Amino acid sequence: MPTETFEFQVEARQLLQLMIHSVYSNKDVFLRELVSNASDALDKLRLEKLRHDTLDADTSDLHIEIDIDQDARTLTVRDNGIGMSYDEVGQLIGTIAHSGTAQFLQELREAKEGAEEGLIGQFGVGFYSGFMVADEMTLLTRRAGEGEGTRWTSRGEGTYTLETVADAPQGTSVTLHLKPADPDNQLHDYTSAFKVREIIKRYSDFITWPIRMASEAPAADSDDDGKGDGTPALETLNSMKALWARSRDEVSEEEYHELYKHVGHDWRDPLETIRLQAEGTFEYQALLFLPAHAPFDLFTRDYKRGLQLYVRRVLIMEDCEALLPPYLRFVKGVVDAADLSLNVSREILQQDRHIEMMRRRLTKKVLSTVKDMMAKDSDRYATLWREFGTVLKEGLVTDSENRDALLAVASFASTHHDSEQTTLKQYVERMKDGQDAIYYLTGESRQSIEASPHMEAFRDRGIEVLLLTDPVDEVWADAVGEYEGKKLRSVAKGQIDLDTRDTDTSDEEQKKRDEEYAALLGWMTQELGEDIKEVRLSSRLTVSPACMVSDSGDLTPALENMYRAMGQ
Ligand code: ADP
Ligand code: MG
């Protein structure tokens, strides 16, 4: 097949322009991204070989290698992992389809002039970050088990080329043709072995595969296959020590953060790192991260949830869903179990008693961490709840075992305060004498809820109402029913007996009024016919002449809309 030239999608081109002209200060991270991809590719190959031992691939010495050529000014990152087919290269490298990037571009479009640089730091764009330091990139790859390879090249300027290559080695090598040296800035010389060593140590030390580089030292001094046959000796740059297996005070915050970025495919630091060490009959270690930002696809079916599952340092499953309930799907991290079969399947995991125990323990650990955060660092708690509160509330419906723990960390907008959220505990503490229920109203926005006629009587009497704006709110409020013996009641449902002591309608007067208006009510009931059940006098309005009320058991309008939208 001849060399073919393709155009980047518009979005990709936009992104590349940004990379090429980037003044993003921390350019070193391009190497972390390429190494991260190489490491993923090695993991994938090992997993595939584990599942299909007929796969025609060499897995005897899986590793990453970095080559620098000072004269040609190139830097190459090579792996002998899974590789990519011709079509995959076109899909994965030629277009920008993956999730983080879509969000990135969305924000990029909305960003003000000059704000783009900050965005790179927030999102990053994996493979393309190479263009921060290179004016041309070449990728040569062969998918494990396939005969032919593929070469991809681009200057990042609008087009890329693809060609089939007969004799490519298994795996992928990415070669960066580095931009001209900047005599004023020796710090960014990526042809310096010293520099490369430093970057790897800093960002990729925990990578579980050896990252090798030709050593300048004589072969005899090297600790790694000094073959003595004229090929330069190789040194291994990373310690390969799994962070979760090291003692806590031996690992820096920054190292944990780098691991998070690798497993979470995120460029930003996590909000919280959680360590857990379980000893006894079923031993495991876990390192979990609470991200600082919700991915935009968290509520879509495509969202890939799950933790990385290792067995004694060997990754056996990439997105293991069985380790956490769906409402904790935003949590990232790794779990390393001592005694699990390397061949264990997803189906078996779902039913495994040990996995079930792990899930319960990990769930409790995450929830207790959130509780601690709430007590000790309210700002970080507020960030977490803002980003993930909606997901966590799903747990109120689905996880009765942890319902109390979830209710303890939940917070809501309320009429008590314009901008700060309230917990149920705080609400109960403020309840008025004689008030026996926690009142809430659901709706599209705070504004629309506050404008509702249902709110009038409550506002008038100074009774606090929770303002709930997520679709899931109605579902959990119904499912939970009460908190600490106080009923959760929608102000839009059923008869509400607000404290009648300060309204002066006695039973006598009520009866008289009912008689007085009987004719009007009868007429209205007839006129409105099918649309309503009943017309009745109310004490809940002070300004509006009338409002619609649902029966306690009925769906509220928002829920009706939600079900209708779901086609039910
Ligand atoms: P991400 O790693 O977050 O998916 P990248 O831009 O870094 O995003 O990479 C895009 C995709 O290209 C990867 O998901 C992977 O499928 C493919 N890819 C990149 N580098 C390699 C590699 N060395 N070996 C195999 N596939 C790779
Ligand atoms: Mg990547």
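This is a predicted model: local features need pLDDT of at least 70, side-chain atom pairs count only at pLDDT 80 or more; totals for chains, interfaces and linings use all residues.
**View 1. The surroundings of ligand 1.** Let us start with the ligand, which has 16 residues around it. The closest of these are N37, A41, G126, F127 and T172. Two helices, α2 (29–51) and α3 (86–93), each contribute at least two residues to this shell. Helix α2 gives the largest share, with 4 residues. If you sort the shell by class, you will find 7 nonpolar, 7 polar and 2 charged residues.

**View 2. R73 in the loop between β2 and β3.** Here we move to the loop that joins the view of β2 (64–69) to that of β3 (74–79), where R73 lies. Most residues other than glycine have a negative phi. R73 is not a glycine, yet its phi is positive, at about 50 degrees. Is R73 buried, exposed or partly exposed? It counts as partly exposed because R73 has 18 C-beta neighbours inside 10 Å, and a buried residue would need 20 or more.

**View 3. M240 in the loop between β9 and α7.** Our last stop is M240, found in the loop between β9 (234–236) and α7 (253–264). What is the phi of M240? The value is near 60 degrees, which is positive in a residue other than glycine.

Terms used. Residues are numbered from 1 along each chain as its sequence is written. Chains are lettered from A and ligands numbered from 1 in the order in which they are written. A residue is near a molecule or strand if its C-beta atom, placed from the backbone, lies within 6 Å of it. Ala, Val, Leu, Ile, Met, Phe, Trp, Tyr, Cys and Pro count as nonpolar, Asp, Glu, Lys and Arg as charged, and the others, Gly among them, as polar. A residue is buried if 20 or more other C-beta atoms lie within 10 Å of its own, exposed if 12 or fewer, and partly exposed in between; C-beta atoms are placed from the backbone.
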